[in-house]
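Dear colleague,

I am handing over the structure we spoke about, and my notes on what was found in it follow directly below. Please read them with the coordinates open beside you.

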Amino acid sequence: MNTGVLLPLATLASSLLPGIIIFMLPETRSRTRTTLNLAGALTKLALVVVMLFGVRAGNDYGFRHEVLPGVQLAFEMDALALLFVTLSSGLWLLTTLYAIGYLEQSPHRNRFFGFFSLCVTATIGIAMAANLFTFFVFYELLTLATYPLVAHRGTQKARRGAAVYLGYTLVGGALVLTGIIWLRSIAGPVEFTAGGALGGLGAEHRTGLRIAFALLVAGVGVKAALVPLHGWLPRAMVAPAPVSALLHAVAVVKAGAFGIVRIVYEVFGVEQAHALGVLTPLAVVAATTIVWGSLRALTQDELKRRLAFSTVSQVSYIALGVAMLGPQATIGGLVHLVHQGIMKITLFFCAGNYAETLGVHRVSEMDGIARRMPLTSAAFTIGALGMMSAPLTAGAVSKHWLSAGAEAADMAWAGWVLTASSLLNAAYFLPIVFRAWCRQPPTAWPQEHITRAGWRETGWLLLLPPLVTAAATLGAGVLADLPMSPLTWARLIAAREYAGSSM
Amino acid sequence: MLIAWLIVLPLAWALAAWLAGARRGATIACAGVLVQLLLALALAREVAAHGPFTYAVGGWGAPLGIDLHVDGLSALLVLLTEVVALPLVLYTRAWLVAQEQDGTYLWPLLGLLLAALHALFVSADLFNLYVTLELLGLGAVALVASGGERKQLAAALRYLVASLVASGCFLLGVAVIYGIHGTVSLADLAERVPADPTTPTLLAGALMLLGLMIKTALFPFHGWLPAAHGSAAAPVSALLSALVVKASFYVILRLRLSVYSGWAEQLDWLPALLGGGAILYGSWCALRAERLKMLIAYSTVAQLGYLFLLFPLLAVGELALTAGALQILAHALAKAALFAAAGIALLASGRDSVAGLASLAGVLPLTWFAFGLAGTSLMGLPPSGGFLAKWLLIDAAIMRGQWIMILLVVASGLLAAAYIFRILSCAFRSAEREQAVALRPVPRTMEWVAFALAAASVLVGLEANAIAGLLGTGGAR
């Protein structure tokens, strides 16, 4: 086996094997479990770094296994896959650290970390899938692997949330399956191809292709939480904080958004999709989602629910970028895939810290919390500023390219939607920031679990991850032009997607 | 020779197990099935290498003697029988010890059942098919009754009546065919029955089909199945749901592909329609069932429906046959795993209710994984064998333009998910039920068997190519 096959295989195995071993470990072996988790996450990250340089140099990484004649499990680590893989393996490491701190002493940790690893494996599989069949296999695996995480706490509410999640995502999966087979009946097996795989089809297939597009995008749109398919997301908030971080930034909604990217660019091809007239409806749905999510977020008092609706809104930036024709919008959408991930995970880490340290779950309880937890609150503030697309943050970079894309695509209204969304984001994040920094703290916190020790306002495993991601939020904004930045990478992908066209 | 051994061996160990008594009988049975597995592997290998072949028992060919015929499909099903039976005999052995039962009659009956299955899969004539079906039915009824509980006896009686009526129909059909065409050999009949057969031949076909549909428990003839499979001892339910109902389906498929291949196309919609009804009705009942084993039994009713969707699609060729074979394999493994896991739950908690599973939350992780993996296959989620079967079925349906069928298959996957997650969601009830219910210890062997069967039902999907190859080289006649 050469490295071209070995590296992507090892990337999958580096979370799959630890997951399987963790399932078999007794609950009490927490040290072994932690070692396995971290070894897996670090190995994966190292592999990804090697492949980053390899792909930039033009190396091929991939392998195939024929399941049935004409049906292949195919993996290909292209630039787009790496964008997603890098994001998820980097954030997986941080989330694992965070989860180890967060779940200390709680029951069923081997079950939790086992499914956690499976979840990341599924995400990597989705990223590397080279055809629709493989994509679907891992897309459904992700559904199955996340269900136990959402239901983890075992309360009535948790199981209810998990059941709703499952209902939405399984129906979504059924739509995707139907779409894939529909497309297969028109065009045969579809391999993901830069610039689109359906180029040679005649005009008589237009209706069929439109239906297939609608089925596929509605199917992945469930995970991407496009309105009106977003109902599961706020309810899945009952899950423990590391799971919410995973759902919102690394795995589930990202897998949905990533699916939209693959379907538009590498199945239909952005120009063919434009010619079919399916991009404008997608843009309208995305814009509706952006505004609706933000409006709903305004009135939520529970911090995690507010963040959940914010996710609904922010993830659709990606869909909006994808739905606008032109390289600038593409760059904006792709770069936001990464940027939304690091910003939102920061916010969820912080929300988890507030809850775990002080028992603070609601915005109304957050008065003066920055005095008790200044570092966490600083990270939260940076994440929130990023969401508002404030200058010097990653959010600003996303918004810049998306707005430029809207202008280039003659969709000025999309630019207005983005501006309105920034204002709405400010309207629901700034009051929190104001409360945290400028109000008097209460005499006693709701439930103080962890006491302060010097500068450590909470456990260091809880503190480190949000600080790192907050720093990354700033870094991705300030250093956007460096060679390995998300922006540079998104430009590389966009250049490849538009390579064959006149644009 | 291999085939003859496969039929003689189980009979031989059945006798030996009966003579040796229950304790040593278990060991003999395990050894016997292990050898059978090796023989079945050798058989599959031979068919894959040299193609289908006919074996004349004792050197006397048809019409005087008995011919046995092996092709890809029959070799595959014989192999499946062994792959399901070996874990289940290990399971049964541990189960009997845990239940403090001796199982005097269990082992001989098991041998008889396996011998009948093997003989059925390689039968080359209608009369042999009848005899093996009858043996199979009697063995299965006796196994249901072997637990000796009141409700088991009642279910067994019902099963017996259904089985006898079905055998009667089938035998009548065979007699009519013999009267008209003067032979019962499938190969000869395939040549003699004209493409446009006479009314009596059609009637005979209808009678045989009716009998076989009753035996396969196709909706609306499924009445006997939930009671029989739901009340039998766990390992027996596993064996019956996994293998026995598949045998009569195999006969339908065999007849459809050989004797009635010419004209049956016009009538293919009938079994497909009933199959669709089975999926919807079976799933609906599984959703409402209160007892765990009833839920699983109704799931069998639903899953058997998939097989009958196959008939209108047979015209697309090997693809449809592969879909059917995969569905048989995946369902057999998954259902055996589910019943095995249900047996563990029953043993541990002493309760056979779906709600009662909550008392097992947080313990017996292997069993929960067995439920989960087997469920994945039944729901048709990737990468399981059930998923590939569904994928191929939809593919074939698109080729034939059967849009309603596509909708049905997709929707039924969701229905299956709904009833499977009734079971799985119980695994997470820990937070509310911390009060420890006293659980009985479960032998590890039983847990591993359930898990291994479930894992196999998922992994069989990854080997689909080999299965399609075996079906292709030794294709059905």
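His108(A) counts as buried, because it has 21 C-beta neighbours inside 10 Å (buried means that 20 or more other C-beta atoms lie within 10 Å of a residue's own, exposed that 12 or fewer do, and partly exposed anything in between, with C-beta atoms placed from the backbone). This is a predicted model, in which local features need pLDDT of at least 70 and side-chain atom pairs count only at pLDDT 80 or more, while totals for chains, interfaces and linings use all residues. Residues are numbered from 1 along each chain as its sequence is written, and chains are lettered from A and ligands numbered from 1 in the order in which they are written.

His108(A) is found in the loop between α3 (79–102) and α4 (109–128) of chain A, where helices (H or I, at least four residues) and strands (E, at least two) are DSSP runs numbered from the N terminus. Although His108(A) is not a glycine, its phi is positive, at about 60°. Most residues other than glycine have a negative phi, and most peptide bonds are trans. Ala217(B) likewise has a positive phi, near 60°; it sits in the loop between α8 and α9 (224–231) of chain B and, with 29 C-beta neighbours inside 10 Å, counts as buried.

One joins Val227(A) and Pro228(A), with omega about 5°, and Pro228(A) lies in the loop between α7 (206–223) and α8 (232–235) of chain A. Another runs from Pro382(B) to Pro383(B), with omega near 0°, and Pro383(B) lies in the loop between α14 (365–379) and α15 (385–399) of chain B.

As for the two chains, 25 residues of chain A are in contact with 25 residues of chain B, contact meaning that the C-beta atoms, placed from the backbone, lie within 7 Å. On the side of chain A that touches chain B, β1 (62–68), α5 (132–150) and α6 (156–187) of chain A each supply at least two residues, and the largest share, 11 residues, comes from α6(A). That side divides into 15 nonpolar, six polar and four charged residues (Ala, Val, Leu, Ile, Met, Phe, Trp, Tyr, Cys and Pro count as nonpolar, Asp, Glu, Lys and Arg as charged, and the others, Gly among them, as polar).

Within chain B, the axes of α13 (residues 318–349) and α17 (residues 444–459) come within 8 Å and cross at roughly 155°, the axes being lines fitted to C-alpha atoms over the stretch in contact and the angles running from 0 to 180 degrees between N-to-C directions. That makes α13(B) roughly antiparallel to α17(B), a term used for angles over 145 degrees. The residues of this contact divide into 14 nonpolar, one polar and one charged. Helices α5 (residues 126–145) and α6 (residues 150–181) of chain B pack at an angle of about 175° with their axes 9 Å apart, and they are therefore roughly antiparallel to each other as well.

Finally, 17 of the 17 residues of α4(B) are buried, so this helix is largely enclosed by the rest of the structure. Trp403(B), by contrast, lies in helix α16 (residues 403–424) of chain B and counts as exposed, with 10 C-beta neighbours inside 10 Å.

With best regards

Methods. Angles under 35 degrees count as roughly parallel, over 145 as roughly antiparallel, 65 to 115 as roughly perpendicular and the rest as oblique.
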